[in-house]
Amino acid sequence: MKRRELLRAGAFAGAVVALRPPMGQAQGQIQNPAQGSELTPAQRGVDAANDLAAPGWKPLFFDEHQNETLIVLSDLIIPATDTPGAKEALVNRYIDLVLAAEKPEAQKAFLNSLSYLDGESMRRYKAAFRYLKREDQDDLLHTLAYAKAGSGWTGEASGPDVGHGHFESLKQRIAGAYYSSQIGEKELGWDGAFAHGPYKGCDHAEGNHK
Amino acid sequence: MSGLFRLEDPLAQTYDVIVVGSGATGGWAAKQMAEAGLKVALLEAGRAVSPKEFTEHMPSYKLKYRDHSPEIARTRPVQKQCYACMEYNYEWFVNDLENPYSTPQGKPFTWQRLRILGGRSLVWGRQSYRMSDNDLKAASRDGYGDDWPISYADLAPYYDLVEKYVGITGAAEGNEMLPDGQFLPPMKMSCGEILMRDRVKAKFGRTVTIGRAAVLTQNHNGRLGCHYCGPCERGCSTFSYFSSPFTTVKDAAASGNCTLITNAVASHVDMDNAANKARGVTYVDRLTRQVKEVRGKSVILCAQAMESTRILLNSSTREYPNGLANSSGALGHYLMDHVVGGGAYGKLPDMKTTASANEPQRPNGIYVPRFRNTPTSGKHSRFIRGYGFQGGAEMDFNFGAEGYGTTFKNAVKEGVYQISLGGFGESLARWDNYVEIDKDLKDAWGIPALRISMTHGDNEAALMEDAAATAAEMLEATGAKDIHLQANVEMPGMAIHELGTARMGTDPKKSVVNPFNQTHDVKNVFVMDGASFVSSACQNPTLSMMAITVRACANLIDRFRKNDV
């Protein structure tokens, strides 16, 4: 559906500097319809972009080992190249924030995937994932990263390709967190402006579309 | 906004017209009646809205949850099912805890709505299509249901009027199922869409056209052309898409004849039983819960199809024990919502452009008008009526790329050219799809709430099954690979095109309103929103709803001039 597509596209494209300063209202204020401003934080101009980079940050949901594991894993899945990677984008902090607000089923599913990674690591290398040598981490991920032919991920904790399923759900979280960050937007070429009209569409000669 | 309106006690006078609801239809009713010199009270259940709360240019990384807030579900578990209910704007949508409704076991219905000045016109999908006599007189052609009592010729002048004011971008096609209109220049198609247009026409003879949308492609009526930032549903600082607060409601205010009463949760129509006429509307102040009555010589309900019907059902009197203007018993029945869930998507690997976060975002897609059961196609063996497709083809980032590390990071940027078509099918008008008052359930203002009972039937399922197959064959003809079919029937309400429940007709025994949206039973009560639809067709209905409102208003203005209200 186009409407849904546009929404999804909008989540990654478009965008810029807020057009007005924050209105000084406390973030996270309880919204009673009879008393509150009846505006979302975004509509009030609240800018939460730097919240996760605050000094003294502590996880809301993860324990220290889970947090450290996620940092190591995210750095392997989206490493720094000529552009910053997932570690610099603090994807662990964003995932922690979202998970803390999600339902127990979603929390459990994420932790199960993370634990699966550690379990496989201990089975093969006798150590948790974050303590492995980089090349062993890479070898382990490689065995999980590609779907084995003839098997599919069903979301159930069974079946021959369960490892790939756990990998994919961790990767989706990490990629979602990375590409929705300011670093991620820039990775996709975003130049900081919100609008780039007009929409030119196709200007190729007939029968010469590429 | 409110500063533009009259400031005296709004309840001290008797208005010529009370309009309930300030959305796409209510805005038009207020504008037309007020500009004709009549005194109008416009009731809106929600608060006023300001351009200061628009967020269309705010990048998602500034949001606490980057537009993936799990918190919305606490107060808006139903509303979050709407594509447009986002971390940016969820306060525009109703709080589900305050606005309950019930459904029978096994018959889920998602009712997605806003209570704020402008209603859903703030976040609508903007697609704007005319109906034709193939829709309005469908019963005569295939024997199912009832014809509308009006024809295309009755509506055409009002389509013209509405389109010229609203500003509809589109391309004329001369298609028998989709009458052309008063178009602003069409938006451009992408390469993939042009390929689809040409190859589908060559292979199947079907029309693929650029979407017709209520978005300005040039400056128009004091509003600026679209700047292609993308997310219209967060508001538009240039007012380039049509929403009532900044167009029709603004005009109504400028006339000096319209009093806007916000935070007025309409409860019921008050009757002068001796005269068999409405004398006003009772509402509950949204914030204080004070019960108030506004008096008027006529009442126009534009509250949204099911809300208008709810008001009538809650207005029972001794004379009308089953709901006001319900001597037919049809009030509440024939609820419709387009069926969605059938279509296909795939990739166009031959396209070699690159994705870019800086690309202009076209707030519009492509459209395939109905090609089943048309005068030229003949009758289909498995279903009646038909469906249209919305879709598109564009380069996007390849977030689904496999692997990890540098390989993955590069593959995302290389992108993938995606192509898709999603069907919107006609929802047949059926007596057993209906709303009624749930006697055990009240909203936060003490007003009895609705019980909604609706399912899509076999014909709707057959439409979506066919839509999956025809979408796939059109993608294949375009050259798409990795094509996935979807033949689902999504739950009713998902199209957000609720229609019917106070249907139009000439027979007072079978319908609620006459061809000018006047209730058969009570001469000065009108239902001018989507409730009056006799059939749903498969086109997005808002444009037709607005044209029907304006036509009905012209008739009512005439009645006022003849002193016949």
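What share of the 565 residues in chain B is made up of buried residues? In this predicted model, buried residues make up 60% of chain B. The chain contains 11 helices and 19 strands, and its C-alpha trace spans about 75 × 55 × 45 Å along the principal axes. Because a compact globule with 565 residues would have a radius of gyration near 24 Å, the 23 Å of chain B agrees with such a globule. Among the contacts in chain B with a separation of 6 or more, 72% are accounted for by residues 24 or more positions apart.

In soluble globular proteins, nonpolar side chains tend to be buried together. Here the largest nonpolar core holds 179 residues, of which I18(B), V19(B), V20(B), V40(B), L43(B) and I300(B) touch the most other members. Leaving aside neighbours within four places in sequence, I300(B) is in contact with V17(B), I18(B), V19(B), V20(B), A29(B), F526(B) and M528(B). A second, separate core of 33 residues includes V72(A), A86(A), A89(A) and Y94(A).

The contact between the two chains takes 68 residues from chain B and 63 residues from chain A. On the side of chain B that touches chain A, at least two residues each come from α6 (191-204), β14 (387-396), α9 (405-414) and β15 (416-425) of chain B, and α9(B) gives the most, with 5 residues. The residues of that side divide by class as follows.

| Class on the side of chain B that touches chain A | Number |
|---|---|
| Nonpolar | 27 residues |
| Polar | 23 residues |

Conventions:
Residues are numbered from 1 along each chain as its sequence is written. Chains are lettered from A and ligands numbered from 1 in the order in which they are written. This is a predicted model: local features need pLDDT of at least 70, side-chain atom pairs count only at pLDDT 80 or more; totals for chains, interfaces and linings use all residues. A nonpolar core is a set of buried Ala, Val, Leu, Ile, Met, Phe, Trp, Tyr and Cys residues joined through C-beta atoms within 7 Å. A residue is buried if 20 or more other C-beta atoms lie within 10 Å of its own, exposed if 12 or fewer, and partly exposed in between; C-beta atoms are placed from the backbone. Two residues are in contact if their C-beta atoms, placed from the backbone, lie within 7 Å. Helices (H or I, at least four residues) and strands (E, at least two) are DSSP runs, numbered from the N terminus. The radius of gyration is taken over C-alpha atoms; the globule rule is 2.2 Å times the number of residues to the power 0.38. Ala, Val, Leu, Ile, Met, Phe, Trp, Tyr, Cys and Pro count as nonpolar, Asp, Glu, Lys and Arg as charged, and the others, Gly among them, as polar.
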